[in-house]
Protein chains: 4
Amino acid sequence: MKAALFVELGRIVLDEKPVPEVGANDALIRITTTTICGTDIHILKGEYPVEKGLTIGHEPVGIIEKLGSNVRGYKEGERVIAGAICPSGYSNACLDGLASQDGQSAAHGLKPMGGLRFGNTIDGSQAEYLLVPDATANLSQVTDALTDEQVLMCPDIMSTGFAGAESGNIKIGDTVAVFSQGPIGLCATAGAKLRGATTIIAVETVPKRIEMSKRIGADIVVDFGAGDPVDEIMHITQGRGVDVAIEALGLQSTFESCLRILKPGGTLSCLGVYSEDLTIPLDAFHTGLGDNRIVTSLCPGGKERMRRLMNVIASERFDFRPPITHHFDLEQIEDAYELFANQRDGVLKIAITP
Amino acid sequence: MKAALFVELGRIVLDEKPVPEVGANDALIRITTTTICGTDIHILKGEYPVEKGLTIGHEPVGIIEKLGSNVRGYKEGERVIAGAICPSGYSNACLDGLASQDGQSAAHGLKPMGGLRFGNTIDGSQAEYLLVPDATANLSQVTDALTDEQVLMCPDIMSTGFAGAESGNIKIGDTVAVFSQGPIGLCATAGAKLRGATTIIAVETVPKRIEMSKRIGADIVVDFGAGDPVDEIMHITQGRGVDVAIEALGLQSTFESCLRILKPGGTLSCLGVYSEDLTIPLDAFHTGLGDNRIVTSLCPGGKERMRRLMNVIASERFDFRPPITHHFDLEQIEDAYELFANQRDGVLKIAITP
Amino acid sequence: MKAALFVELGRIVLDEKPVPEVGANDALIRITTTTICGTDIHILKGEYPVEKGLTIGHEPVGIIEKLGSNVRGYKEGERVIAGAICPSGYSNACLDGLASQDGQSAAHGLKPMGGLRFGNTIDGSQAEYLLVPDATANLSQVTDALTDEQVLMCPDIMSTGFAGAESGNIKIGDTVAVFSQGPIGLCATAGAKLRGATTIIAVETVPKRIEMSKRIGADIVVDFGAGDPVDEIMHITQGRGVDVAIEALGLQSTFESCLRILKPGGTLSCLGVYSEDLTIPLDAFHTGLGDNRIVTSLCPGGKERMRRLMNVIASERFDFRPPITHHFDLEQIEDAYELFANQRDGVLKIAITP
Amino acid sequence: MKAALFVELGRIVLDEKPVPEVGANDALIRITTTTICGTDIHILKGEYPVEKGLTIGHEPVGIIEKLGSNVRGYKEGERVIAGAICPSGYSNACLDGLASQDGQSAAHGLKPMGGLRFGNTIDGSQAEYLLVPDATANLSQVTDALTDEQVLMCPDIMSTGFAGAESGNIKIGDTVAVFSQGPIGLCATAGAKLRGATTIIAVETVPKRIEMSKRIGADIVVDFGAGDPVDEIMHITQGRGVDVAIEALGLQSTFESCLRILKPGGTLSCLGVYSEDLTIPLDAFHTGLGDNRIVTSLCPGGKERMRRLMNVIASERFDFRPPITHHFDLEQIEDAYELFANQRDGVLKIAITP
């Protein structure tokens, strides 16, 4: 089968691989739609190390081709998705309420996500076929009423973005700022609205993203190209600061700005994948006396999470046209990487179809 | 009356001040016992700025001398304590469940603890008399069964230490590390035990503190003088890491060590008052993908908190001999500062009696 | 001044009363708009006992006429609301996070809401003037952008309805049933949507209420006049049951139906004011082994809650035209009671203006 | 092999059964110690229906005899326990944080615990061998430092008792009442202490249980044989009521007494298995306005829970001598049932050894 492999720093190429063998707890999925994520670009650039030869991609939509003998609750031919993070269900972490951190163990040391993650520790979805481990915990059927593209954001982008709002413990009437309105930031904005925030301040400068942000839930947009967003947000909140700040870009500057706009007692919810050490300025941290929280969230996975996210889409709670700006065939995935890595042509997300 | 005043950087001196006027919502307390806190040394050294002439001290035990006309539920002559942080009860922060951060407002900007805090924004307890604002919310009667010294830790040390365990959201069966066993660290150790932690690892090197730590709740003590505590704790936990790490010293090195021993999904609960910017090393933060939380806690105050803490002492849940190592008369408080600031003679806490 | 007084069982009449004296912590409000609540009808019918001569009403909108000497943060002439439940802020209950249950004390025994509640233990809002106790904790300014009628639901109906959703701990993607779509049920429906429920099943039979329910957030309406709603809801959820059921009518039959549609692990959130003992059928309770929760919520009050609720309205999160169907002058309040008590003419809520 | 089978109402007998076949995800355990639970007596009396011929018992300690091909993390010959409730880990309920309610599904309707429970829907532990399904999620190794009898309470009694304290959301300084001090009530008392309750009021009349209760954590014992415990507890709490009441007997009278002693805002945590409809008296429920909660908890299972409970025992947090009063060989289990069903000879728990 065709698959997009990480070959070496700077190169992800389409190549041939054998169709995987199906173990007792596995399911083989024939991919119908997948996409490229910012994390894949981190892999391409060597900022996020994976083994050479690994198939990349962690956002699968497809048809069940073959089920392992122990997999229960599905039929071959059903259309399904699986989350980017595949909890086993049976690890200590899962049973302790930390399903995203499955795989931690003495053997794995402290490696986060040590267990399973498509295109990270096992072969991923940018291929004709994908092997889903612990399939009973991870496959979720897609209703006929939803298209592939409508559910393509569930496995990672939407689950991660919403988690930023959930981990921030947003309450009805909260003021929330979301720094950057890329795909994950947009979903964080939508998630903040879903949890009851009533003043959502999106920070962005790209006109197309500003427009999508307003459509999906932002009440106010602060253009960081037009001045310091910290001053602007303190002005908007009349000096009060925000209840929750969601950082969805992954830079020191946005991390620090988020700290500076937090009210005493406020929460900074980080969704970025960082590339360097972070600094917490003493004043922005109130010397440690501000009752502040800094929380990080890895994309929640598993079939129940996917079921819930698809319900959100089906219920039409907001105008969630998936932020897909481009379409490529799997054969052209190298071109898609080139486009996405350089953020050319106003790209947000690319639908890839084998 | 006599009062210990901050005069200038490096000097806290005993001087005369008028006995305060009692407003409608105030209570005047005749101090019977108080103490010096690490925060007072931060003030002395200019690391924590206060106005010149302010009376220092935020840990009062005393007798009600006079009650304002609106204060309800007390009688003059009753023995009481008041928490270091005095919530009004009527601020938006209080009514939103953030009583320690009372006083935030447009007028105060983002200053944490902007409202009231003895020896910080209003005159404190190292004096013959103390004026307690919003007294109905803040005075808590002391039962005859408890001595002044037994309850002297409630207003700050115990409330703060326990908050470290509470904010860490410790669960039954958790493994918890507490970095440093000064007065607050000791109370964090006790708090971790009270919340159900079953493997409590105290990190300390001073023999007397190690001994107190074991008596109060530590299951294992790691002597950081004998090697890298990170390696030792990872060894003890068989590579699993701790569920919660409590940082009670206030240094970059301990902050960083705490991050490095967290399990994926684990929480770092900060109790330190920091003096410089903090760095979050990228690897210790799992690039932001570890589902980790960093939380800070300011000493919870108010009469209900004080009532609960005194119940803990009265119930003899653990061998809580207050960590008082020295006694001074208020007249000798300058000597007490000299001793405490230099941590001479194995000092932990000093009882000051006017 | 004119005021609607409870005279005896079955009689609430308009009569003269002196304008109240303003104490140090009080504020006197000149009422501009108020309304009649279902609880007032319980009072009228003697099902909810109050003292004879008490002024009824607990939903005030008005202008600050006079402020007590200790009240901070307001100016005379400002337009404000106050919640039906007026927490003092300084009670043990308030400081313990249970502001609605302020007033509990040894003196009050276990009486819930023992402290303060307009038209219940102190004079209420169906009058020309209202005295608000502990005014600093309870007055919340109304922005010019919102009309009296738009904020009239905040003090009770909206705060209570949302609390049903909040106490139920609704999560993104939940299925929620709301039994009955009177004013509180409608607000519970809106609250469920605000917290992220994606399948909201409203149970109602009155066409006008069904229509409002759909506009405000219901995805599906089950007409209990057309068959057993339990069967219908189990069919809709494919036998799975609901995550949260909100009971907003106050009858044994709806309480029991809610239990019967709960999934194992589901929560029944009660908003009804009950008039008789309730029965928990053994089978519907899974003999106590279903990990179910039954929670009750008293209307959260205080200025911060009011601020947040007015934000919800100002943010236009949903099409919240206040469910006001009739207008009466205070002079005609006895007619208004007659109409409302008999639920004539499709009445939902009545605006009363002095 | 020998096994104790439910034959018909009133009869559990020892009989022969084939040793079970081991499927891919199963483990076969050679039982070394097990016990009889109150639930087994409910089964015996027909109050809790199970299929005829089922092996009873859900509290296993034993040696791994054989592992299925997919089971990971164990070796044959290891000594293990498994919780009474065996979550699969891969169900929607498990992945939604409701592991005890695994097995709910459209197919099962609303049956709680629909999936797996030893001696309930699959063969149990009162036998020479036990088949553990989804063994990777459920087996937990026992350290050599702990005896069979020390860990025998973990699978059900201790997990359930602690859950009563955990679901009640006990805070540091809480006052908690525990009604009845049978094995589960004793563990609820211990659990309340582990969560930080400082006034624990145990309600019991049997001298031996009173003694154990005091040793394990009760601060005060109320003898219900000596007067109405409601009056006594209201007196002890000076009219304030308790923060949390734990009902561990399963009767209407204790359920009702618990409601009557709750403070406004307090929680009733039910651990009883009820045999008839329950009544909530209107006054004890404050007509629904008391912000009260009624919660039920089914015994949490899975290997992580078992690991944590064994840590509690190993840490010697309290004087937990297991409440085993009698020992029987599996051959004599019918006699053991006779003794336990009639609560003769001061029996608390019986150790059964094949």
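Biologist: At what angle do α6 and α7 of chain A pack?
Modeller: Helix α6 (residues 183–194) and helix α7 (residues 207–216) of chain A pack at about 20 degrees, and their axes are 9 Å apart. Axes are lines fitted to C-alpha atoms, for helices over the stretch in contact, and angles run from 0 to 180 degrees between N-to-C directions. That makes α6(A) roughly parallel to α7(A), a label for angles under 35 degrees; over 145 is roughly antiparallel, 65 to 115 roughly perpendicular, and the rest oblique.

Biologist: And what is this model, and how are things numbered?
Modeller: It is a predicted model, in which local features need pLDDT of at least 70 and side-chain atom pairs count only at pLDDT 80 or more, while totals for chains, interfaces and linings use all residues. Residues are numbered from 1 along each chain as its sequence is written, with chains lettered from A and ligands numbered from 1 in the order in which they are written. Helices (H or I, at least four residues) and strands (E, at least two) are DSSP runs, numbered from the N terminus.

Biologist: Back to the helices: which residues of α6(A) and α7(A) meet?
Modeller: L186(A), T189(A) and A190(A) from α6(A) meet M212(A), S213(A) and I216(A) from α7(A). Contact means that the C-beta atoms, placed from the backbone, lie within 7 Å. By class, the residues of this contact are 4 nonpolar, 2 polar and no charged. Ala, Val, Leu, Ile, Met, Phe, Trp, Tyr, Cys and Pro count as nonpolar, Asp, Glu, Lys and Arg as charged, and the others, Gly among them, as polar.

Biologist: New topic. How many strands form the open sheet?
Modeller: 12, with mixed pairing, in the order β10(A)-β9(A)-β8(A)-β11(A)-β12(A)-β14(A)-β14(B)-β12(B)-β11(B)-β8(B)-β9(B)-β10(B). Two strands pair if DSSP finds at least two bridges between them.

Biologist: Which strands stand at the edges?
Modeller: β10 (220–222) of chain A and β10 (220–222) of chain B, each with a single partner strand, so one side of each has no neighbour in the sheet. On average, neighbouring strands of this sheet are turned by 20 degrees against each other, direction ignored.

Biologist: How do β11 and β12 of chain A run, parallel or antiparallel?
Modeller: Parallel: 5 bridges join β11 (residues 242–247) to β12 (residues 262–270) of chain A. V242(A) has L262(A) as its bridge partner in β12(A).

Biologist: How many residues of chain A touch chain B?
Modeller: 42 residues of chain A are in contact with 42 of chain B. On the chain A side, β12, β13 (278–280) and β14 (293–296) are the elements that give two or more residues. That side has 19 nonpolar, 17 polar and 6 charged residues. β13(A) and β13 (residues 278–280) of chain B pair in the antiparallel sense over 3 bridges, and the partner of I280(A) in β13(B) is L278(B).

Biologist: What about chains D and C?
Modeller: 42 residues of chain D are in contact with 42 of chain C. Between β13 (residues 278–280) of chain C and β13(D) there are 3 bridges, and the strands run antiparallel. L278(C) has I280(D) as its bridge partner.

Biologist: Last one: where are the domains of chain A?
Modeller: Domain 1 is 2–152 + 322–353 and domain 2 is 158–296, with bounds from an automatic or database domain assignment. Their C-alpha centres lie 28 Å apart. 8 residues of domain 1 are in contact with 7 of domain 2, and the domain 1 side has 2 nonpolar, 4 polar and 2 charged residues.

Note on methods:
Two residues are in contact if their C-beta atoms, placed from the backbone, lie within 7 Å.
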